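Work through the exercises below with the sequence and the 3D structure open. Try each task before reading its solution.

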Amino acid sequence: MRALRLPNWKSEPELVEVDEPTPGPGQVVVKIGGAGACHSDLHLMHDFEAGAVPWNPPFTLGHENAGWVHALGDGVSGLTVGQPVAVYGPWGCGTCERCRVGVDPYCENVAEAPVPGGGGGLGLDGGMAEYMLVPQARQVLPLPDGLDPVLAAPLTDAGLTPYHAIRRSWAKLGPTSTAVVIGVGGLGHVGVQILKATTAARVIAVDTREEALKLGEECGADLAMLSGADTAQEIRQATGGRGADVVLDFVGADATLALGAAAARTVGDLTIVGIGGGTLPVGFFSVPYEVSIQTTYWGSRPELIEVLELGARGLVKPKASTFPLDEAVVAYRKMRDGTLEGRAVVVP
Ligand SMILES: [Zn+2]
Ligand SMILES: [Zn+2]
């Protein structure tokens, strides 16, 4: 079969011929219906080097995947061949306290995981291929009725990651509150939809690109602001001087973190989702009182079940552009150029 593989750090992915995987005991092979192209893949190709993460190339890219069960290994029950499924992406040990409650991204026994701190498309072979081996059957979740694998694929990361970040701030997202989404890209546009579907907060979308603001409004943002020197002040004006109860930074650069801190309301949340690598000085005088600042990474397996439900009911629908496997590199190029709208999904 064909697979889009990352051969080395700081290299371009290559479409090559590899053997089809066969499932061992407790494993599942999924026929891929859709594999999302994530902005973090660009960091894998261009920025990371040996030692940055506890795993290395070569491996097949694609860490947001859905499709149909193709083959079951010995001892796997509860799944049937041909059944539409999503693959939960972060693969932990399965036995530590975090993994037992379905929070594999924060596994505390990574030495026992299939790959330490990674998963399919992150150290092990992912879904940018015709078939994908999932080494733990518990990571394969049946799709609710009516959800197409092409749309389910981006929900496993571009949906799950913002969902987790938003869900943990639900208590601060009542009807009188305002949420700010910085960066209306692959994750941010789904974040706007999730805020509208699961909270009564007013939503302000912020981006440097006009097209992204248009997408934010299409997704339900009440207000869209072009990012500039006065954005924090504009957010304060739009909130009666109070500021935003919850700021979700899907970029994570110095400038966006500074904007988030300047725009946050006292007792608000500033959540850093984007892996832009920026930093924010935090001290008694530098952020509003009792603002909680946190990073998040991906989401839990129970949360993915909830996101898939939102997808099946049409409440959350990633704007997906599809690409065949031999044009996956085009999707990444458009992503790098900032000309990709919403999420690219590779359909092998
Ligand atoms: Zn991702
Ligand atoms: Zn674990």
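**Exercise 1. Is H63 buried or exposed?**

Solution. H63 has 3% relative accessibility. Buried means under 20% relative accessible area, exposed over 50%, and partly exposed in between, with a 1.4 Å probe and protein chains only. H63 therefore counts as buried.

Before going on, note that the model is predicted: local features need pLDDT of at least 70, side-chain atom pairs count only at pLDDT 80 or more, and totals for chains, interfaces and linings use all residues. Residues are numbered from 1 along each chain as its sequence is written, chains are lettered from A and ligands numbered from 1 in the order in which they are written, and side-chain values use heavy atoms, with hydrogens and water left out.

**Exercise 2. Find which atoms coordinate the zinc ion (ligand 1).**

Solution. Step 1: take as donors the N, O and S atoms within 2.8 Å of the metal (3.2 Å for Na, K and Ca); water is not among the atoms, so sites may look incomplete.
Step 1: the zinc ion (ligand 1) is coordinated by SG of C38, NE2 of H63 and OD of D157, at 1.8 to 2.2 Å.
Step 2: Helices (H or I, at least four residues) and strands (E, at least two) are DSSP runs, numbered from the N terminus.
Step 3: the spacing of the donor residues in sequence is C-x24-H-x93-D.
Step 4: C38 has a relative accessible area of 6%, so C38 is buried.

**Exercise 3. Describe the surroundings of L223.**

Solution. Step 1: L223 belongs to strand β13 (residues 223-226).
Step 1: its relative accessible area is 30%, so L223 is partly exposed.
Step 2: leaving aside residues up to four places away in sequence, L223 touches V203, I204, A205 and A238; contact means heavy atoms within 4.5 Å.
Step 3: L223 and I204 are 19 residues apart along the chain, and their C-alpha atoms are separated by 4.8 Å.

**Exercise 4. Summarise the whole chain.**

Solution. Step 1: the chain has 9 helices and 18 strands.
Step 1: 54% of its 348 residues count as buried.
Step 2: of the contacts between residues at least 6 apart in sequence, 69% join residues at least 24 apart.
Step 3: the C-alpha trace spans about 60 × 35 × 35 Å along its principal axes.
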